[in-house]
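Here are a few quick notes from a read through this one. Have the structure open while you go down the list.

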Amino acid sequence: MSTVPLATAVLPTLADFVDETLAAALAGRSEPCLWCGGAESVVVRADIWSGQVVTRCSSCGSELSGVVPRHLREVPR
């Protein structure tokens with residue numbers, strides 16, 4: 001019988017950060033750039049129905065694009 005606790009801390013992954021950043025951009029909130037940490041990322045294109053978002057950092061010029069997962073787009077009741 002093991003005495004190791006069953007509950008462990010779950011560390012967020014890069015994919016989690018990308019999903020949360022894209023969800024914030026879709027919702028109109030400002031998030032820092034994932035690559036350079038710049039304070040201003042501009043939403044280039046966003047589609048609320050499909051969840052597709054494209055953002056561009058005004059500091060380093062990097063683009064981040066993807067689809068926001070449905071569970072992050074839903075409004076809790």
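**Notes on the model**

1. A reminder before anything else: this is a predicted model, so please read the points below as comments on a prediction.

2. Let's start with the salt bridge. Arginine 56 and glutamate 63 bring their side chains together in one, with 2.5 Å from N to O. The structure holds one salt bridge, so that pair is what you'll find if you go looking, the N to O distance sitting within the 4 Å cut-off. As a general point, side chains of opposite charge can pair when their charged atoms come close.

3. How exposed are the two partners? Arginine 56 has 37% relative accessibility, so it counts as partly exposed. Glutamate 63 comes out at 44%, and that makes it partly exposed as well. Both values fall between the 20% and 50% limits.

4. Now the strands. Strand 1 (residues 41–46) runs antiparallel to strand 2 (residues 52–57), and five bridges pair them. For a handy landmark, take arginine 45, which faces valine 54 across in strand 2.

5. Last, threonine 21. Its place is in helix 1, which covers residues 14–27. Is threonine 21 buried or exposed? Its relative accessibility is 12%, under the 20% limit, so threonine 21 counts as buried. Setting aside neighbours within four places in sequence, threonine 21 is in contact with Glu31, Leu34 and Leu64.

How values were computed
Residues numbered from 1 in each chain as written. Predicted model: local features only at pLDDT ≥ 70, side-chain atom pairs only at ≥ 80, totals over all residues. Heavy atoms only, no water. Helix = DSSP H or I, 4+ residues; strand = E, 2+ residues; numbered from the N terminus. Buried < 20%, exposed > 50% of the residue type's maximum accessible area, 1.4 Å probe, protein only. Contact = heavy atoms within 4.5 Å. Pairing = 2+ DSSP bridges.
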